[in-house]
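Good morning, and thank you for coming. Please have the sequence and the structure in view while I speak.

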Amino acid sequence: MANQIRDEVVCVTGANGFIGSWLVRTLLEKQNPRYTIHATIFPGSDPSHLFNLHPDAQSRLTLFPADILDSAAVSRAVSGCSGVFHVASPCTLEDPADPHKDLLEPAVQGTKNILEAARRVGVRRVVLTSSISALVPNPNWPANRVMDESSWTDVEYCKAKGKWYPVAKTEAERAAWGFEGVDVVAILPATCLGPLLQPSLNASSAVLQRLMMGSRETQEYHWLGAVHVKDVAKAQVLLYETPTAAGRYLCTNGIYQFSTFASIVSQLYPHFPIHRFPAETQPGLTPCKDAARRLIDLGFVFTPIQDAVREAAESLMAKGFLQPTPSQPK
């Protein structure tokens, strides 16, 4: 009976987003345990692509339209699940019109609603998708020290700068660690790149899109490194399935300047009008190839960032978000 396949029901919030879609695909591809998924989607959003991710998607995927601020809808989605992957959170590169309503409340109260439902049901673990935006910016981080999971974003600094996304992600994760009665593990992905499974353009893919169109934005407040989105999904599942996993896990294929990333993209796509940045786009950032040491110590192997860039760029072009033959700057 050692080879008997085990079935498990889990909930994935924000299932039709960029990370959520890759997580659903990764879970469906697992053979033991074989996962059945309660997929929450924001009411009115398009989930149709999820049913094309795997031959068994129709039978193993159940949709739950649920605003994560609706505690009753969240409870229905989590009911019957042994685990929860909480991915849903508003993300935008633009400044929100109403930071509290558009970012803070959904991120923080939404996380609390998920955890309350998980506690009520008695799930064995919640994997919280946090972000490097809960690590940086941190102006008080010691000079010449590699950024790690002990860093927390300085929310007052971000509020003063009008940078609300890091505030939302930080306060949401803080709320999770202050919540008792649920086993929580947090993953903190860097800028996620890779093929778009969903029909819309997401914020992290837009970073690459804009760079390849000539943007001079240095990503000063939003950058630590990059990672293939499929690695994020695999790491989420690894953290769920590893009983000894605990605390925060940075998920990035190295820490380096955005200027270094731009140089990598330029080498892969020399005919695109990619800006040449000064060497230090993130003042004081200390580079590190194996910054995600906690995941690496669990046996995790990252996809080369060149592969992530190439696959993401080709996907952006195939979906019409990026012109294959760029117009040169005047």
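Which strands does α4 lie across, and at what angle does it run to β4? Helix α4 lies across β1, β4, β5 and β6, and its direction is at about 175° to that of β4. Please bear in mind throughout that this is a predicted model.

Let me turn to the sheet itself. Seven strands make up an open sheet, with parallel pairing, in the order β3-β2-β1-β4-β5-β6-β9. The edges are held by β3, residues 61-65, and by β9; each has a single partner strand, so one side of each is left without a neighbour in the sheet. From one strand to the next, the twist averages 20°.

As an example, take β1, residues 7-13, and β2, residues 34-41. These two strands are joined in the parallel sense over six bridges. If you look for C11, you will find that its bridge partner in β2 is H38. Helix α3, residues 71-78, also packs on the sheet, where it touches β1, β2, β3 and β4. The direction of α3 makes about 170° with that of β3.

I now come to helix α6, which spans residues 164-177. It has 14 residues and reaches 20 Å from its first C-alpha to its last, close to the 20 Å expected at 1.5 Å a residue. Why may we call α6 largely enclosed by the rest of the structure? The reason is that 10 of its 14 residues are buried, where buried means under 20% relative accessible area. The buried residues include Y165, P166 and V167, and also K169 and E173. Among the elements that cover them are two helices, α4 and α5. Strands β5, β6 and β9 contribute to this cover as well.

The next topic is the aromatic residues. How many aromatic pairs does the structure hold? There are 10 aromatic pairs. One of them joins Y157 and Y221, whose rings are tilted, at 6.4 Å centre to centre and with 45° between the planes. Y157 belongs to helix α5, while Y221 is in the loop between α7 and β8, so the pair ties together parts that are 64 residues apart in sequence. Y221, at 14%, counts as buried.

A further pair is formed by F300 and F302. Their rings are edge-to-face, 4.9 Å centre to centre, with 70° between the planes. F300 counts as buried because its relative accessibility is 9%. F302 is buried as well, with a relative accessible area of 14%.

The charged end of R124 sits over the ring of Y240, at 4.2 Å from its centre. Likewise, the charged end of R174 is placed over the ring of W152, 3.9 Å from the ring centre.

In general, most residues other than glycine have a negative phi, and most peptide bonds are trans.

With 71% relative accessibility, N144 counts as exposed. Q219, which is not a glycine either, has a positive phi of about 60°. Q219 lies in the loop between α7 and β8, and at 8% relative accessibility it counts as buried.

Thank you for your attention.

Definitions and conventions: Residues numbered from 1 in each chain as written. Predicted model: local features only at pLDDT ≥ 70, side-chain atom pairs only at ≥ 80, totals over all residues. Heavy atoms only, no water. Helix = DSSP H or I, 4+ residues; strand = E, 2+ residues; numbered from the N terminus. Expected span 1.5 Å × (residues − 1). Buried < 20%, exposed > 50% of the residue type's maximum accessible area, 1.4 Å probe, protein only. Contact = heavy atoms within 4.5 Å. Pairing = 2+ DSSP bridges. Axes fitted to C-alpha atoms, helices over the stretch in contact; angles between N-to-C directions. Phe/Tyr/Trp six-rings, centres within 6.5 Å; stacked < 30°, edge-to-face > 60°. Lys NZ or Arg CZ within 6 Å of the ring centre and 35° of its normal.
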